[in-house]
Amino acid sequence: MLKINNLHASVEDKSILKGINLDVKAGEVHAIMGPNGSGKSTLASVIAGKEDYEVEKGEITLEGEDLNDLAAEERAHKGIFLSFQYPVEIPGVSVTNFMKTSINENRKAKGLEDMPAKDMLKMIREKSELLEIDRKFLSRSLNEGFSGGEKKRNEIFQMAMLEPKLAILDETDSGLDIDALRIVANGVNKLKSKDNAVVVITHYQRLLDYIVPDFVHVLYNGRIVKSGGKELAHELEEKGYDWIKEEVDA
Amino acid sequence: MSKYTEDDLREELKTKEYEYGFYTDIESETFPVGLNEDIVRAISKKKEEPQWMTDWRLEAFATWKEMKEPEWANVNYKKPDFQAISYYSAPNSKPKYDSLDEVDPELLATFEKLGISLDEQKKLSGVAMDVVVDSVSVATTFKKTLGEKGIIFMSISEAIKEHPELVKKYLGTIVPQKDNFYAALNSAVFSDGSFCYIPKGVRCPMELSTYFRINQAGTGQFERTLVIADEGSYVSYLEGCTAPSRDENQLHAAVVELIALDDAEIKYSTVQNWYPGNAEGKGGVYNFVTKRGLCETNSKISWTQVETGSAVTWKYPSCVLKGDNSVGEFYSIAVTNNYQQADTGTKMIHLGKNTKSTIISKGISAGKSQNSYRGLVQISSRAENARNFSQCDSLLMGNECGAHTFPYIEVKNKTAQIEHEATTSKIGEDQIFYCNQRGIDTEKAIALIVNGFSKEVLNKLPMEFAVEAQKLLEISLEGSVG
């Protein structure tokens, strides 16, 4: 589904990604771990098409299609979803209104009519139940005054509404207490299918107890320096990242 | 990766033509340019006005001659040459029409381009239209329905002839002839406008609406509006306008007077989209307007305005809260783009006891524009327990525009409670990217963010107007981001 080949990317002439290779197939869950500043969030932003980042070399393809020339919204239309580490506030725009706009813009890109209000409401009801979201919450301004947990839950709610092919969860566990973590992870697990894929970016192993990865990759200094199964995550939890750094820097 | 930079956006914005920039050629009768006593007399004569009206105009003209154009507003423009303007122009079609079939087809086509076909309006919305094209009303509908309730809704010229006692009693009582330079000018030469009277205890069954439109090259437009809500009555009045594009500056100096007698309520909503000039700041309408309302005991006046047009705007819809327990409200969205300049706000004059006022002002600046809020909250010594809440929010797009706030507060009674909140924000690239990532393109994202920012005010507009206003905001800001 997602293939990344020798990806080099920089921001303001500072090289951050230095040759990433990644192959995510449909039905798989990949975890990307690594110490702070290793380039995890940059990788997420580059896949999503954030303009601040310059792709210098290499390519990213989704189902064989090169993403390089596509704007962020076009990538979204192709089925890429990014759950933000720091979701922004949009005052005066309710969660429902935002979702309605998002869904209909995605449909428009596919040549479909707007979703009928009845279907939209039904979908909102189902997905908000899935994530144990109080529906009053949906009429609040997007992320304005939301707690950390509410923001993250709202991100996963949006993911549920948009049903992406590839979901990238950027530090979704940060700022979540254990109950919220369970709800969010539960939501992600229910949305998983053989046709979509999930990339979980996390600093800690904690989230991976709930969203169990098929593969774990360690990102360090702009490169994937180690890959393995879910046991790698446990190893990192026990030993920290220093041994990896030593291995690489040696 | 396809980059859509701020420069691209700016370029796109520059090339955007004024959506309603077309010009209708209707045979017109236009006065020679210039202003003197003879012209004032001629306007009055043309309109077959009684002597008292002619005298009133002449008195205003005499005052105006002695006055100076104000310079305190935060705007820069080349002052109009008042002797180079023609002060009267009427569509050639003299008689009033019973049906749309009789109206000049070209005029109807103009309305269709604006999306306000009278036909549609008549059928769909239950809105009575007193359409002002240039200076003379050419079509009035729903008069009969209103007539049954005793509501008078007609052009001010007609009202001067048919209801002289009401006009004489109230005209100039809220905005006197000598109030300010533009009000004096308007009093001398006003061409037409609307008159509305709601009798005691009557709730006006429909939104009253007037579309104003400047339609004649080089003709200043001087509208005069007088709305009187008698005791215990209610009326919602909508005013909207768009103007054709042209090169020379056009002067618009309207006066609106509202009178809410005891227990009455007036809602006055405006969507203003006069031609703002081109991307280089050439042309565009000068909009120097005096709007003021008087509240008697237990009455309420709400001003709601969405200002997207004009090269220069100078406008402060105000409330004089004379009666005890009266309420004044001002809800405003002012958008400026390119080289537009707006200096707008309100005055809330608290004279009565327990008077309350609310001010919500949303300024949106883009391009190289300057957007100023100027507001006065005045509590007089006998206004016990007066309350005011003011909120002024500014949204900036790009690095070349400006937002300014000039709040004036004068309190002479220590029981007053005044609150003032102000925020300034910028549409962030992070917000845009967040929307992009959800499949929403940049144009749509800006529209969404701006609508969210403006929501509190948009919600105050009557439904059909809110939709139109929302569209107008999108059109005005397409392609601007910071």
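In chain A, four strands form an open sheet in the order β2-β1-β4-β5, with antiparallel pairing. Strands pair here if DSSP finds at least two bridges between them. Because β2 (14-24) and β5 (65-66) of chain A each have a single partner strand, they stand at the edges, with one side of each left without a neighbour in the sheet. Strands β1 (residues 2-11) and β4 (residues 53-62) of chain A run antiparallel and are joined by eight bridges. A:V11 sits opposite A:Y53 in β4(A).

A note on the source: this is a predicted model, where local features need pLDDT of at least 70, side-chain atom pairs count only at pLDDT 80 or more, and totals for chains, interfaces and linings use all residues. Residues are numbered from 1 along each chain as its sequence is written, while chains are lettered from A and ligands numbered from 1 in the order in which they are written.

Now for the helices (DSSP runs of H or I, at least four residues; strands are E runs of at least two, and both are numbered from the N terminus). α3 and α5 of chain A pack at about 35 degrees, with axes 11 Å apart; axes are lines fitted to C-alpha atoms over the stretch in contact, and angles run from 0 to 180 degrees between N-to-C directions.

| Helix | Span | Residues in the contact |
|---|---|---|
| α3(A) | residues 95-109 | A:V95, A:M99, A:S102, A:I103, A:N106 |
| α5(A) | residues 148-162 | A:N154, A:Q158, A:M161, A:L162 |

Contact means C-beta atoms, placed from the backbone, within 7 Å.

Chain B has twelve helices and 23 strands. Among its contacts between residues at least 6 apart in sequence, 84% join residues at least 24 apart.

Methods
Two residues are in contact if their C-beta atoms, placed from the backbone, lie within 7 Å.
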